[in-house]
Amino acid sequence: MTEDLKIKEALMASCEHFVEDRLATIQATINDIQTALTSETKSSAGDKHETGRAMLQLEREKAGNQMAEVQKIKEILSKIDIYKTMVKIGVGSVVYTSELNYFIGISAGKVHVANEPFYAVSASTPMGKLLMAHQVGDFIQFRNQNFKIIKVI
């Protein structure tokens, strides 16, 4: 296995770990809300009780929406083929530039692999959109900074 492939696999694993952590956090929040809803007893102040339940219901709905979003991200991640080699930058590419390194997949922030920092970005982010379809040797400009694409794996 080449060093480039090891880097791609490690970046993919980091993104998968990021998604699983988010799913676990949201699931724990949903469980806490459910526990609070079922344990809330009706007090003599009925309006206060109903307000509390309504607030918990809103929180549960918000957490459910977050869960759906993370499920979509997980689905996107599952469709990335890191074994596909590309001349032009696409989803699944690792991009080395003169300034920073990127993994085009999902937005998971800064990831360190092989003692190098990478930024995991979605193809729909401003930087992801800018990088897509470029290739080695191309120059891009982002936020008044010029970047040269040095390597794509």
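Ser 122 is buried, with a relative accessible area of 17%. The cut-off for buried is under 20%, so Ser 122 falls within that class. The model is a predicted one. Ser 122 belongs to strand E4, which covers residues 116–122.

What does the side chain of Ser 122 make a polar contact with? The partner is the side chain of Ser 124, at 2.9 Å. Neighbours within four places in sequence aside, Ser 122 is in contact with Gly 105, Ile 106, Ser 107 and Gly 128.

## Aromatic pairs

How many aromatic pairs are there? The count comes to two. In one, the ring centres of Tyr 96 and Phe 118 are 5.7 Å apart and the planes stand at 75 degrees, so this pair is edge-to-face. The cut-off for edge-to-face is over 60 degrees. Tyr 96 is in strand E1 (residues 94–97) and Phe 118 is in strand E4, so the pair ties together parts 22 residues apart in sequence. Both Tyr 96 and Phe 118 are buried.

Tyr 102 and Tyr 119 also form an aromatic pair. This one is tilted, with 6.3 Å centre to centre and 45 degrees between the planes. Tyr 102 lies in strand E2 (residues 101–105) and Tyr 119 in strand E4, so here the parts tied together are 17 residues apart in sequence. Tyr 102 is buried, at a relative accessible area of 5%. Tyr 119 has 27% relative accessibility and counts as partly exposed.

## Helix H1

Helix H1 has 37 residues, running over residues 3–39.

Several H1 residues are buried, among them Ile 7, Lys 8, Leu 11, Met 12 and Cys 15. Val 19, Leu 23, Ile 26, Ile 30, Ile 33 and Leu 37 are buried too. An α-helix has 3.6 residues a turn, so residues three or four places apart point the same way.

Is Leu 58 buried or exposed? Leu 58 is exposed, with a relative accessible area of 53%. The cut-off for exposed is over 50%. Leu 58 lies in helix H2, residues 46–78. Leu 58 and Pro 126 are 68 residues apart in sequence. In space, their C-alpha atoms are 32 Å apart.

Conventions:
Residues numbered from 1 in each chain as written. Predicted model: local features only at pLDDT ≥ 70, side-chain atom pairs only at ≥ 80, totals over all residues. Heavy atoms only, no water. Helix = DSSP H or I, 4+ residues; strand = E, 2+ residues; numbered from the N terminus. Expected span 1.5 Å × (residues − 1). Buried < 20%, exposed > 50% of the residue type's maximum accessible area, 1.4 Å probe, protein only. Polar contact = N/O pair within 3.5 Å; in protein donor to acceptor, adjacent residues only side chain to side chain. Contact = heavy atoms within 4.5 Å. Phe/Tyr/Trp six-rings, centres within 6.5 Å; stacked < 30°, edge-to-face > 60°.
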